[in-house]
Amino acid sequence: MSSATRRVAADASAGLSPWPFTGAALVGAVLTVLGFLLYYLQGGLSAAYPPLLWRGEQMVVTRGQGQPVADMLEIRPAEADDGVFFRFAKNAFMARPYGELIWQIEGLDPAQDIRLIWQMQSDPGNVRQAPVQRVHLSAARFDLRDQPGWEGYIINIGFMVRGAFAQPLRVRQVELRPRALSAGDLLEQAWEEWSTSEYWSPRSAHYISGAPYKALFHPIIMVVVWISLSALLYGGWLWLAERRFRLAGFTLLFLMGWWLLDLRWQADLIQRSLKTYPQFAGKSEIDKQLVADDGELFQFLLEVRRYLPVKPARIFIINDDAVNRAVARNYLVARARYHLLPHNSFADVLDSAQFGKARANDYILVLRPDKGLRSQQAKLQFDPRQRLLQWESNRLPVQLLYRGIIGALFQVRE
Amino acid sequence: MAMVTGGLAVLALLLPGLCGALWLRAGWGHRAPPGFWPMALGYGYLIGMMAATLLLRLMDAVTLSLNFAIPALFLAGTAAGSAWWIWKTADRTATPNPGGEDQPSWPRWLWAGLLVWLAARLAVLALETVWLPTVFPWDAWSTWLVRPRVWLEARQLLAFQDAQAWLNDASGRVYHIEAWQYPLTVSLIALWSALAAGQWQDSIVHLPWWACGVALGLGGYGQARLWGVTPLQAMVFAWLLLSLPLVNVHMALAGYADLWLTAAFGFSAIAFMHWIRWRDRRQGILAILLAVFCASIKQEGMVWPALLIPALLLVLLPKRYVLALAGLAVLLFGLILGLGGLGDFGFADSALIASLLQRAGIRQFHLVYWNNWQPVIDSLLILDNWHLLGYLMLMTLLAVVGLLFRQTWIRAAGQQRRALGATTLLILTLGAAFFGLFFFTQAGKWAEDFTSINRIILHFTPVLLFWALTVFAMPRASAGLGAQSVVSVRR
């Protein structure tokens with residue numbers, strides 16, 4: 001039979017050739033997984049996960065007072081407090097590839113309670129911690145490999161130190177070094193990356209990472225490689241068998257890849273629903289808000305509402321915590337405005353001149369999310385004897401209606 | 001009481017869609033071709049919602065206290081009228097199923113399987129929509145859902161103005177949010193559901209967003225069938241569209257305006273593509289109607305319909321005029337770069353042009369190059385915002401280039417080829433707008449942290465996917481127009 005005749009015969013049975021197609025897809029999948037594994041086992045891991053180094057000036061002190069000294073960060077506890085907490089710069093990373101934490105910190109005392117604290121993306125409410133023992137202190141290194149809870153995608157990590165401080169801490173740098181992973185470890189890592197679910201957050205409407213950002217086995221990349229290899233294999237078979245190249249097979253490969261990603265996404269959505277259900281399902285509108293992330297604020301505002309009239313009133317909402325304002329982009333006042341609807345709140349009070357425009361019978365809600373910890377830095381000062389609320393040169397005669405931990409409600413007097 | 005509230009909420013959800021579908025059917029003609037009813041339900045939902053918001057604005061304009069009953073009765077009345085008209089005029093003869101008996105069964109099974117898959121997806125999203133309070137979507141609780149809560153209480157559309165107006169107001173009836181200038185439509189959509197329920201409940205107010213996503217799938221499926229593709233191909237298209245993660249997120253985290261703009265602009269552009277290909281006037285009217293709706297949703301919605309103009313000119317004008325216009329555009333762009341360079345668009349060294357631009361209402365803005373290739377590549381090709389959509393677009397572009405220059409196709413395809421050129425120009429115009437926005441304007445600074453880049457891509461996803469469908473699944477004839485579906489182009 002001539003090759004032309006063979007081609008006509010092959011064309012006569014046009015359409016997808018199921019066994020070669022399936023073979024190409026399966027072999028493509030195996031080659032993809034093997035390719036990734038070999039790359040990482042042969043040294044690609046160190047390129048993907050270099051050591052993480054944080055210098056003192058990059059640390060964020062969230063409890064205590066820090067100031068740069070030479071090339072270090074000097075941290076001491078705040079007054080009437082016996083602890084400090086400082087976290088390393090907030091760049092998230094996968095836990096598994098990293099094994100050893102090494103630090104250059106002066107002032108740590110074995111008598112102190114020293115803990116490494118971290119937070120996982122998939123379980124942000126459950127903060128993990130590991131005590132740093134004397135032997136770790138003397139070596140200034142800590143092996144994380146066998147720590148329970150050292151897994152997943154780490155979004156926050158830092159040191160908590162409590163006890164007596166004979167001298168301030170001086171932090172020069174902290175380094176996290178990668179470790180070698182076996183093929184089994186890598187496959188576990190792949191499963192973890194593919195099955196991770198990040199739950200909803202304010203940034204969900206802007207992008208979905210699909211896997212931790214620096215994933216080793218990112219779903220999109222893996223699927224594209226799989227489709228490409230399988231298409232090459234199938235195309236190669238078609239060429240060798242002198243079959244006509246039809247779009248159907250390649251389209252099907254592409255759609256299978258899309259479906260695989262969609263399957264992963266569907267599993268992600270189901271995991272999110274499994275978290276949403278116990279937290280919010282079946283609850284009243286008020287109970288939902290109480291268990292939400294800003295539940296404490298909502299609880300406070302429920303009390304505030306009792307002192308507001310039924311008819312919508314004008315309310316100035318001021319976040320009197322400069323640190324919180326800078327970090328949270330006025331999230332707090334905007335949320336307070338939403339929770340107080342339909343009251344007529346002004347949540348953009350930027351300066352004392354705007355504050356000074358409050359009229360008689362207007363309300364002023366002052367929020368202190370730091371719960372008074374930085375009260376010496378607060379802009380608004382209330383004089384209870386003269387019943388005056390002052391911000392720079394602007395003073396308003398007010399009546400204090402309600403004071404809670406995170407704020408106070410005033411009404412402007414005549 | 002809860003059952004009554006729930007029932008009214010469901011009515012608020014279904015009534016606009018039903019009305020819109022019946023209006024479309026009444027205006028479509030004697031026969032409903034394959035794919036018509038899904039298209040009508042999808043498009044009808046948006047048109048019905050648009051009508052509901054217009055009725056609320058009208059009530060406020062004539063100082064009627066806002067309520068659900070009056071606009072609902074009006075909608076129901078017009079729907080009943082449309083139903084009567086359809087009953088009176090519709091052609092009820094059965095459409096023969098060509099070769100239905102000999103078709104293999106696997107496409108039907110696959111179609112059913114995809115439908116079950118989508119139903120499961122929509123069910124999970126519906127649960128999230130109902131369970132979640134308005135806590136995660138920032139724009140929802142800071143802007144779009146603030147106004148309807150105030151309006152619900154006051155039963156009128158109280159004004160939202162700038163900060164100075166609020167500080168100076170003595171009446172207490174002027175409100176303020178940062179985005180006080182944003183259009184009202186999306187807030188009115190939320191108000192519609194709240195009026196039906198008679199109270200503010202997040203779970204009820206969120207439902208229109210979920211329904212908008214469902215409408216997107218239905219409208220897309222219907223338009224694909226009207227284009228002439230098979231039911232399985234249309235279902236694959238609907239699945240690809242509704243499987244996009246960010247489409248799902250905007251359904252579950254209700255309260256952003258982007259999903260509505262996605263549906264409105266997507267439907268408008270898809271109807272426009274139908275008109276380009278088949279010169280179906282009804283699709284042309286739909287395109288215009290939805291384009292008008294776009295403009296009332298978000299500020300970008302005032303610009304996106306203008307991106308249809310280059311393709312429209314390519315279709316309407318003789319080739320020599322098109323080439324002349326293209327040359328003029330290139331010259332103008334070169335002039336802008338040559339005079340001002342990449343700097344202040346106010347042309348510091350050209351007072352004449354600066355004053356002309358000021359008179360045209362174009363304030364000064366900065367043209368600065370932002371090197372945003374990495375965020376764009378990450379968004380489209382690495383992160384799982386869009387599954388494999390970015391790769392699909394690259395392959396479709398290659399396929400189009402191959403088709404447009406393939407000699408055998410050039411000779412045989414005629415109108416089909418010209419239509420593909422026009423629809424591809426539409427896609428390229430969207431790409432150019434995206435590129436200009438994130439690489440040359442202030443919007444570029446929000447690309448790095450992905451704050452807005454994906455929400456702009458979201459607006460374009462239905463038309464991008466439909467374009468890919470038209471390239472890879474060439475129809476034999478339009479289902480919408482029947483056998484008489486090839487129209488000559490005026491040149």
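In this predicted model, K288(A) touches residues of both chains once its neighbours within four places in sequence are left aside: F280(A) and K283(A), along with V130(B), W131(B), P133(B) and S203(B). Its place is in helix α7 of chain A, which covers residues 285-291.

Does K288(A) count as buried or exposed? K288(A) is buried, and no salt bridge accompanies it. The nearest side chain of opposite charge belongs to E285(A), 4.3 Å away; a salt bridge would need the nitrogen and carboxyl oxygen within 4 Å.

Now to chain B. The contact between them draws on 34 residues from domain 1 of chain B and 30 residues from domain 2 of chain B. Here are some values for this pair of domains:

| Domain 1 of chain B and domain 2 of chain B | Value |
|---|---|
| Buried area between them | about 2800 Å² |
| Share of the buried area on carbon and sulfur atoms | 79% |

On the domain 1 side of chain B, L246(B), M273(B) and R277(B) lose the most area to domain 2 of chain B, together 20% of what that side buries.

Turning to polar features, the interface has 2 salt bridges and 5 residue pairs in polar contact. The helices α9 (202-227), α10 (231-242), α11 (245-252) and α12 (258-278) of chain B each supply at least two residues of the domain 1 side. The largest share, 14 residues, comes from α12(B).

How values were computed
Residues numbered from 1 in each chain as written. Chains lettered and ligands numbered in written order. Predicted model: local features only at pLDDT ≥ 70, side-chain atom pairs only at ≥ 80, totals over all residues. Heavy atoms only, no water. Helix = DSSP H or I, 4+ residues; strand = E, 2+ residues; numbered from the N terminus. Buried < 20%, exposed > 50% of the residue type's maximum accessible area, 1.4 Å probe, protein only. Lys, Arg positive; Asp, Glu negative; His and termini not counted. Contact = heavy atoms within 4.5 Å. Buried area = accessible area lost by both parts, 1.4 Å probe. Polar contact = N/O pair within 3.5 Å; in protein donor to acceptor, adjacent residues only side chain to side chain.
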